[in-house]
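Please examine the structure shown below and keep it in view while reading.

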Amino acid sequence: AFVTGAAGFLGRHLVERLVDDGWYVTAFCRPEDRSDLLPPGADVHLGNLLDPPSLQAALTGLRHPVVFHLAGNTTTWSRHAQAQFRDNVDGTRELLAAAERAGARRLVATSSISAYGYQPGVRLVESSASNVAVKGDNYGKSKRAAEELITAADRDGRLSTVILNPVNIIGSYDAANWSRQLILPLASDRLRVVPPGAATWISVHDVVAAHLAAVDAPVEGGNIILGGVEAGFLEVVQTIAWLLGRPAPTRATPASVMAALFAASQAKAALTRTEPELSLAKYRRATGNLLVDDSLARTTLGLGRTSLTTMLAETIAWLRTVGLLTDAGRAAVRPPRRR
């Protein structure tokens with residue numbers, strides 16, 4: 001296996017699973033990545049997708065590898081749009097060429113549900129038309145453009161590919177996404193708002209299992225949406241509070257207040273020329289309703305359905321293990337109604 005983005009949140013989990021399952025794994029990481037956290041069984045190669053010689057050197061000697069393309073620039077700041085397109089689109093183009101030269105058996109690409117654009121309340125399926133060109137953020141646009149390159153490579157007979165579109169991923173090794181936005185602020189009494197929207201949440205372990213199943217799945221050249229548990233942000237925050245033993249919020253922040261906070265964040269960013277605390281992408285995610293139909297993933301890949309409580313509990317336990325969460329919490333309060 002050849003894994004890009006191997007030192008990232010999802011990448012570490014995938015590499016560990018591959019090594020445990022007996023794969024020979026080449027982990028492709030940038031020099032600044034924490035590749036030292038990868039298991040000893042992984043063969044780490046440093047480079048960059050935009051540096052073809054380093055990519056080619058890492059693939060040299062591999063016979064018909066399965067390529068897992070996890071690397072991606074996930075910024076939501078429009079000021080970094082050009083760099084994001086280079087990383088996500090040009091980087092994918094270089095990888096496709098290198099994978100073809102290596103005679104890759106299959107390329108499993110990790111895209112995002114964001115590639116379908118912003119469609120709150122619409123239950124997305126694989127065949128749903130994407131409105132990302134007019135209502136998506138730059139991240140979604142770049143992922144959609146990368147998907148088009150991957151689909152073309154499959155259609156032209158150059159590579160066998162599968163594109164996976166996961167929803168919000170939760171699990172250990174996440175120190176920068178939902179841990180930073182929800183868990184750590186709540187643990188330290190710094191959570192100022194509870195978003196009024198809802199979303200679909202998936203365990204990182206279910207995502208990894210789907211990647212492995214996609215290697216030999218009887219599908220080719222298309223998308224597979226990886227869904228999970230549907231829950232509002234209020235329920236997510238209440239579950240976190242229960243797991244931490246802290247008082248749980250009883251109401252979400254009104255949409256009107258969120259709109260005012262978004263406007264203030266944009267104004268401050270414009271004046272200071274710094275990244276806004278609440279970007280348009282984050283605002284839409286916080287106030288929207290992300291729904292998907294993952295029937296194809298469940299029937300074709302055997303996609304599991306880990307409970308919200310289980311995936312959040314694992315994340316919190318890991319945060320404590322690495323010292324990012326040191327408060328043992330207060331007395332337990334009433335648990336959430338479900339999950």
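Between which strands does the loop that holds Ile 113 lie? Ile 113 lies in the loop between β5 and β6 (123-124); here helices (H or I, at least four residues) and strands (E, at least two) are DSSP runs, numbered from the N terminus. This is a predicted model, in which local features need pLDDT of at least 70 and side-chain atom pairs count only at pLDDT 80 or more, while totals for chains, interfaces and linings use all residues. Residues are numbered from 1 along each chain as its sequence is written, and side-chain values use heavy atoms, with hydrogens and water left out.

Ile 113 counts as buried because its relative accessibility is 7%, where buried means under 20% relative accessible area, exposed over 50%, and partly exposed in between (1.4 Å probe, protein chains only). Leaving out residues up to four places away in sequence, Ile 113 touches Leu 124, Asn 165, Pro 166, Val 167, Ile 225, Leu 290 and Val 292; contact means heavy atoms within 4.5 Å. One of these residues, Leu 290, is 177 residues from Ile 113 along the chain, yet the two C-alpha atoms are separated by 9.1 Å.

Gly 227 counts as buried because its relative accessibility is 0%. Its contacts, not counting residues up to four places away in sequence, are Val 167, Thr 200, Ile 202, Val 292, Asp 294, Leu 303 and Arg 305.

Ser 160 lies in the loop between α5 (138-155) and β7 (161-166). Is this residue buried or exposed? Ser 160 counts as buried, because its relative accessibility is 15%. Its side chain makes a polar contact of 3.1 Å with the side chain of Arg 106, and another polar contact, of 3.4 Å, joins it to the side chain of Glu 220. A polar contact is a pair of N or O atoms within 3.5 Å; within protein, one must be able to donate a hydrogen and the other to accept it, and residues adjacent in sequence count only if both atoms are side-chain atoms.

The next element is helix α1 (residues 9-20), which has 12 residues. From its first C-alpha to its last it reaches 17 Å, close to the 16 Å expected at 1.5 Å a residue; the expected span is 1.5 Å times one less than the number of residues. Buried residues of α1 include Phe 9, Leu 10, Leu 14 and Leu 18. An α-helix has 3.6 residues a turn, so residues three or four places apart point the same way. The buried residues of α1 pack against β1 (2-4), β4 (66-69), β5 (106-110), β8 (168-170), α7 (204-214) and α12 (308-321). Glu 16 also lies in α1, but this residue is partly exposed, because its relative accessible area is 22%. Beyond residues up to four places away in sequence, Glu 16 touches Pro 39 and Tyr 173. After α1 comes Gly 22, whose phi is positive, near 90 degrees.

In helix α8 (residues 233-244) one finds Thr 239. Thr 239 counts as buried because its relative accessibility is 0%, and its side chain reaches the backbone oxygen of Glu 235 at 2.8 Å.

Aromatic rings are considered next. The structure holds 7 aromatic pairs. Rings of Phe, Tyr and Trp (its six-membered ring) pair if their centres lie within 6.5 Å; planes under 30 degrees apart count as stacked, over 60 as edge-to-face and the rest as tilted. Trp 178 and Trp 201 form an edge-to-face pair, 5.0 Å centre to centre, with 65 degrees between the planes. This pair links distant parts of the chain, since Trp 178 is in helix α6 (residues 178-187) and Trp 201 is in strand β9 (residues 198-203), 23 residues apart. Ring pairs join Trp 178, Trp 201 and Phe 233 into a cluster.
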